[in-house]
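Subject: Structure handover

Dear colleague,

Here is the structure that I promised to hand over, and below it I describe what was found. Please keep it open while you read.

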Amino acid sequence: MQRVSVDYDVCIIGAGPAGMMAAIAAETEGVSVCILEKNTHAGRKLLITGGGRCNLTHIGDIDDFVRDCYPYGNTLKPAFYAFSPEQTGAFFHEQGLKTYVSENGSIFPESEQAGDVCRILVGQIGQYGAVVHYAQQVRAAEKNDDGFTVITEKKRFTCRAMIVATGGKSWPQTGSTGDGYEMAQYFGHGIVRPVGILCPMVAREAWVGGLQGLSLPKVGIRLKIKSKARVFSGEMVFTGDGIGGPAAFDVSRVAVELLNYQERVQVTIDFLPDVQRDELSSLLIERCAAHPKKEIAGVLCEWFPKRLSAFLQTCICGADRVLTCAFPKPQRLKLVEAIKAMPLTLIRSGPLEKATVTRGGISRNEINSKTMQSRLCQGLFFAGEVIDIDGPCGGYNLQIAFSTGFLAGKSAAQYVSVLK
Ligand SMILES: Cc1cc2nc3c(=O)[nH]c(=O)nc-3n(C[C@H](O)[C@H](O)[C@H](O)COP(=O)(O)OP(=O)(O)OC[C@H]3O[C@@H](n4cnc5c(N)ncnc54)[C@H](O)[C@@H]3O)c2cc1C
């Protein structure tokens, strides 16, 4: 059968990291490709990643990524095999981007400029003729015998295969407003309710408000699920009504899930994760003996900022001034316990709009993870955060965007090539 000609073989909606990588992967297969992007430039969210420094991936092999992205690891496995974290490094290195690995395994450009990462992606699009049409907000897409008609406010584009890479629903000012959900629903896909993750958590305890703005470079947040305990370590910041920062963000990935079934999630904070209880107790005895006229809060300043030291002293002793010479053993043990396991009750996550990543989106059961193609509509593919998949802090979510984008791009090109 003679096929009607179309504007492009593959049309990608969204020029975020997933959409851009999809375009690069598809065009190298020799098919014609376009991206439709509602903004006037690509990668608006990418430009603010990692506080503008862009944590582009994480150290580790595919098995590590599959494990760390639990419970989505197995779904993501084929995408990680198609474009691994190692290949991400090689891709950017080949374009002259030098990277470094931080203490916790996160990988950043040496320049610490997300703009450099974005420029490379934009520069690579078009090597084989792919184009980006900016200021084209896709309103709808329809399927017909020859493929799809994609309708923007200004134009209609026809294509054989379509990749939806419109991102999640957080930070809507960057363009990620959840438009892809409606497009997917039109083709019969189910949407898992979107909620924010990798975000601050609101706590029931009022005392956190007194520590607002205080940042601690390393804490351990312990969360018990049934008989298993998980500890999330890293930097933590006290917000006005709870906790934020990388360690709290990683807790949010699990806590948000639990809060679907229970009213609160109990955690404990270890303010000194590298010192064991016995050692801490001995250190306190030693410091108190050496400085009998000092306040307990003054001794604690050796390890903690002033505000936290004062809070811990008041919390245990109930008075503002407590001298080390009048600090009995039961109180010392209580203080050790407060430092090593301060209880905190998490009651909800921060708003979706302010979350780093959206959990939920297009149901992954209806997507063939080996190709990223819809199981419900031939020629329709998905990539990136628009899908109900996510990873922890540390560069995992960009890697997910790159890997799923690459696999969707390759698969869409192969799908089109078979039709030709
Ligand atoms: C503040 C912040 C910091 C982050 N830091 C990191 C980090 O350091 N490391 C990390 O791994 N992850 C980080 N993330 C997460 C990461 O940015 C996302 O997971 C990633 O950008 C998702 O890529 P995507 O291409 O799927 O979607 P997006 O980046 O959201 O891109 C989607 C694109 O689609 C476009 N679009 C949407 N609807 C339409 C439409 N109807 N028509 C046309 N175009 C449309 C949007 O304008 C946008 O350009 C961070 C996120 C935030 C908010």
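The largest nonpolar core has 76 residues, and those with the most contacts inside it are Val10, Cys11, Ala22 and Ile163. Its largest share, 12 residues, comes from helix H12, which spans residues 396–419. Here a nonpolar core means a set of buried Ala, Val, Leu, Ile, Met, Phe, Trp, Tyr and Cys residues joined through C-beta atoms within 7 Å, and a residue is buried if 20 or more other C-beta atoms lie within 10 Å of its own, exposed if 12 or fewer, and partly exposed in between, with C-beta atoms placed from the backbone. Apart from this core lies another, of 44 residues, which includes Phe232, Ile243, Val267 and Phe271. In soluble globular proteins, nonpolar side chains tend to be buried together.

Please note that this is a predicted model, in which local features need pLDDT of at least 70 and side-chain atom pairs count only at pLDDT 80 or more, while totals for chains, interfaces and linings use all residues. Residues are numbered from 1 along each chain as its sequence is written.

Leaving aside neighbours within four places in sequence, Ile163 is in contact (C-beta atoms, placed from the backbone, within 7 Å) with residues including Val10, Ala22, Phe381, Ala408 and Ala412.

Next comes the pairing of two helices, where helices (H or I, at least four residues) and strands (E, at least two) are DSSP runs numbered from the N terminus. H1 and H12 pack at an angle of about 35 degrees, with their axes 7 Å apart; axes are lines fitted to C-alpha atoms, for helices over the stretch in contact, and angles run from 0 to 180 degrees between N-to-C directions. Among the residues that make this contact are Ala18, Ala22 and Ala25 of H1, together with Ala401, Gly405 and Ala408 of H12. By class, the contact has 15 nonpolar, 4 polar and 1 charged residues, where Ala, Val, Leu, Ile, Met, Phe, Trp, Tyr, Cys and Pro count as nonpolar, Asp, Glu, Lys and Arg as charged, and the others, Gly among them, as polar.

Finally, for the chain as a whole, the secondary structure comes to 12 helices and 20 strands, and 48% of the 420 residues count as buried.

Best wishes

Conventions
Two residues are in contact if their C-beta atoms, placed from the backbone, lie within 7 Å.
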